[in-house]
Amino acid sequence: MSIPDKVKIVEVGPRDGLQNEKQLIPVDVKVELVNRLARAGFVNVEATSFVSPKWVPQMSDAAEVMARIERRPGTIYSVLAPNMRGFDGALAANADEIVIFGAASEAFSQRNINCSIAESIARFEPVAEAAKAAGLRLRGAISVALGCPYQGEVEPAAVVDVARRLQALGCDEFDVADTIGVATPLQVDRVMKAVTEVIDPARVAGHFHDTYGQALANILASLQAGISIFHASVAGLGGCPYAKGATGNVATEDVLYMMHGMGIETGVDLDAVVDIGQWISGHLGRKSASLAGNALATRKAAKAAA
Ligand code: HMG
Ligand code: MG
């Protein structure tokens with residue numbers, strides 16, 4: 001089995017994790033979450049989204065969150081921007097990386113960003129140009145790359161087609177997203193292999209929601225297909241407001257536990273992330289969705305009590 005000895009974990013909890021929370025979360029909590037995650041060693045933290053507050057009210061405080069977080073040297077603070085309005089907000093907020101987000105199915109594109117795939121690419125064009133002109137990193141997300149809640153199956157060719165269009169816009173990184181967490185490993189292998197025929201594997205990321213409990217297996221399949229960037233959300237927070245029933249991203253603690261257990265370097269302090277996962281879950285009034293996080297927290301509490 002040939003797998004990388006080092007991976008990049010993009011922590012998406014403050015954005016993908018919190019965007020689906022019904023109750024508005026105080027800015028203080030969001031700021032503390034981003035700061036603690038950056039301190040735990042993530043080189044990339046997806047901090048917030050500059051999207052329409054009518055569509056995602058939870059992200060309406062994006063400018064304030066960005067203004068108040070501490071900037072750790074070397075950390076990339078990413079934000080989502082679906083249009084120029086979002087880009088202007090992101091630029092004013094001094095974001096390091098702009099994430100444009102398209103979809104591999106027409107139905108999901110309409111529900112999530114209210115336009116067709118072709119229209120979304122046209123809308124991303126000026127965003128991409130402006131991001132490059134400002135010297136910012138540009139990432140392109142491909143939603144429902146492994147299954148769509150409205151259309152059902154998605155052909156790998158549709159994913160490759162969007163990846164090519166995002167490549168033409170100058171994206172530095174490409175997120176292959178299982179928005180509703182339905183994929184299984186052999187399917188992931190097929191899609192990752194198809195995408196990496198046109199995109200450098202070093203620039204492709206796996207973004208797995210864990211709805212059906214397949215995310216770690218899908219990450220292993222991706223590792224074997226040469227992928228070395230993965231998105232994860234502390235405590236498994238999250239879901240997409242425009243994909244009903246979609247639950248959180250794979251829990252960061254689970255991913256770190258697996259990577260470290262396999263001798264794969266992440267640069268992230270798992271112990272610190274376990275504490276953050278317990279803290280944010282407590283704040284949200286629920287148990288963490290991370291199995292590894294809960295097990296490690298229990299072990300730690302038992303040790304402290306002994
Ligand atoms: P629209 O309604 O077609 O656009 O939405 P519009 O231009 O008519 O704007 C509607 C209103 O929003 C207007 O306000 C605009 O000014 C305002 P009004 O004039 O009615 O008062 N507006 C904005 N405000 C702030 N920032 C902006 C912005 N743009 C417009 N950037 C639009 C189109 C794209 C704006 C909308 O559909 C939208 O914001 N969608 C975002 C949906 C979203 O955030 N989804 C979750 C993130 S994607 C995700 O989770 C998937 C991912 O994790 C990967 C995966 O798992 O698949 C990345
Ligand atoms: Mg997502």
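Tutor: In this predicted model, the shell around ligand 1 divides by class into eleven nonpolar, ten polar and five charged residues. That shell counts 26 residues, and those that come nearest are K54, R85, N114, S143 and T179. Several helices take part: at least two shell residues come from each of helix 1 (13–17), helix 4 (84–92) and helix 5 (106–113). The space that ligand 1 takes up is the largest pocket.

S143, already listed among the nearest residues, has a side-chain N or O atom 2.5 Å from an oxygen atom of ligand 1. For W55, a polar side-chain atom lies 3.2 Å from an oxygen atom of ligand 1. In the side chain of H207, an N or O atom is 3.0 Å from an oxygen atom of ligand 1. As for cover, ligand 1 taken alone exposes 1,100 Å², and the protein buries 75% of that.

The magnesium ion (ligand 2) is coordinated by H207 through NE2, by H209 through NE2 and by D16 through OD, at 2.0 to 2.3 Å. Along the chain, the donors of the magnesium ion follow the spacing D-x190-H-x1-H. D16 lies in helix 1, whereas H209 lies in the loop between strand 7 (204–208) and helix 9 (215–224), so this pair ties together parts that are 193 residues apart in sequence.

Key: Residues are numbered from 1 along each chain as its sequence is written. Chains are lettered from A and ligands numbered from 1 in the order in which they are written. This is a predicted model: local features need pLDDT of at least 70, side-chain atom pairs count only at pLDDT 80 or more; totals for chains, interfaces and linings use all residues. Side-chain values use heavy atoms; hydrogens and water are left out. A residue is near a molecule or strand if one of its heavy atoms lies within 4 Å of it. A polar contact is a pair of N or O atoms within 3.5 Å; within protein, one must be able to donate a hydrogen and the other to accept it, and residues adjacent in sequence count only if both atoms are side-chain atoms. Accessible areas come from the Shrake-Rupley method with a 1.4 Å probe; for residues, only the protein chains shown count as cover. On a 1 Å grid over the protein atoms alone, a cavity is a set of points where a 1.4 Å probe fits but cannot get out, and a pocket is an open set with protein on both sides within 12 Å along at least five of seven lines; lining residues have an atom within 4 Å of a point. A molecule sits in a cavity or pocket if more than half of its atoms lie within 2 Å of its grid points. Helices (H or I, at least four residues) and strands (E, at least two) are DSSP runs, numbered from the N terminus. Ala, Val, Leu, Ile, Met, Phe, Trp, Tyr, Cys and Pro count as nonpolar, Asp, Glu, Lys and Arg as charged, and the others, Gly among them, as polar. Donors are N, O and S atoms within 2.8 Å of the metal (3.2 Å for Na, K and Ca); water is not among the atoms, so sites may look incomplete.
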